[in-house]
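Let's take a walk through this structure together, one contact at a time. Keep the 3D view open and turn it as you read.

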Amino acid sequence: QVQLVESGGGLVQAGGSLTLSCAASGIIFSRNDMSWYRQAPGKQRELVATITSGGTTNYADSAKGRFTISRDNTVNTVYLQMNSLKPEDTAVYYCSATRGGVRLWGQGTQVTVSS
């Protein structure tokens, strides 16, 4: 039973905020680097943010200063706090876990930002 279950997506107006959550099971969560990716219609999936098993964070330029990735190893959950949302943030957001050569994906959650 390996699962990454995402929640928190929805519709928000430009300038608003949204927090995504991804609950992991069936993995040693604390040993995994966790990432958020997104894919807009007709575009490649792109990396948004990463938090390593050691807590180091990295962000895409498009997310830097607006998004915050965090993790709570006690509840096996990674979060993406998104502020100052723009229409170009509209995409399906995917949670990903990786350790060694294995990458796991969540089901994706839709984020739509209206202008």
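Strand S4 (residues 33–39) and strand S9 (residues 91–99) run antiparallel to each other, joined over 7 bridges. Please keep in mind that this is a predicted model. Within this pairing, Tyr37 has Tyr94 in S9 as its bridge partner. S4 also pairs with strand S5 (residues 46–51), again in the antiparallel sense, this time over 5 bridges. Here Ser35 faces Thr50 in S5. S4 and S5 make up a hairpin with 6 residues between them, and in its turn you will find Gly42 with a positive phi of about 75°. S4 is mostly covered, with 5 of its 7 residues buried.

The structure holds 2 aromatic pairs. In one of them, the ring centres of Tyr37 and Trp105 are 4.9 Å apart and the planes stand at 65°, so this pair is edge-to-face. It links distant parts of the chain: Tyr37 belongs to strand S4 and Trp105 to strand S10 (residues 102–105), 68 residues apart. The rings of Tyr94 and Trp105 have centres 6.5 Å apart and planes at 90°, so they too are edge-to-face. Because Tyr94 lies in strand S9 and Trp105 in strand S10, this pair ties together parts that are 11 residues apart in sequence.

Trp105, at 37% relative accessibility, counts as partly exposed. Now bring Arg45 into view: its charged end sits over the ring of Tyr94, 3.7 Å from the ring centre. Arg45 also lies over the face of Trp105, at 4.7 Å from that ring's centre.

Cys22 and Cys95 form a disulfide, with their sulfur atoms 2.1 Å apart. Cys22 lies in strand S3 (residues 18–25) and Cys95 in strand S9, so the bond ties together parts that are 73 residues apart in sequence. The torsion about the S-S bond is about -80°, so this disulfide is left-handed. Both Cys22 and Cys95 are buried.

S3 leads us on to another sheet arrangement. Here 4 strands form an open sheet in the order S1-S3-S8-S7, with antiparallel pairing. Its edges are strand S1 (3–7) and strand S7 (67–72), each of which pairs on one side only. On average, neighbouring strands of this sheet are turned by 15° against each other, direction ignored. S7 and strand S8 (residues 77–82) pair over 6 bridges, and Ile69 stands opposite Leu80 in S8.

Leu80 brings us to the largest nonpolar core, which has 27 residues; Trp36, Val78, Leu80, Met82 and Tyr93 touch the most other members. The elements giving two or more residues to this core are S3, S4, S5, S7, S8, S9 and strand S11 (109–114).

Finally, step out to Gly55, in the loop between S5 and strand S6 (57–59). Gly55 counts as partly exposed because its relative accessibility is 39%. From Gly55 to Ala91 the C-alpha distance is 26 Å, and 36 residues separate them in sequence.

How values were computed: Residues numbered from 1 in each chain as written. Predicted model: local features only at pLDDT ≥ 70, side-chain atom pairs only at ≥ 80, totals over all residues. Heavy atoms only, no water. Pairing = 2+ DSSP bridges. Axes fitted to C-alpha atoms, helices over the stretch in contact; angles between N-to-C directions. Buried < 20%, exposed > 50% of the residue type's maximum accessible area, 1.4 Å probe, protein only. Disulfide = S-S within 2.5 Å. Core = buried A, V, L, I, M, F, W, Y, C linked by side-chain atoms within 4.5 Å. Phe/Tyr/Trp six-rings, centres within 6.5 Å; stacked < 30°, edge-to-face > 60°. Lys NZ or Arg CZ within 6 Å of the ring centre and 35° of its normal.
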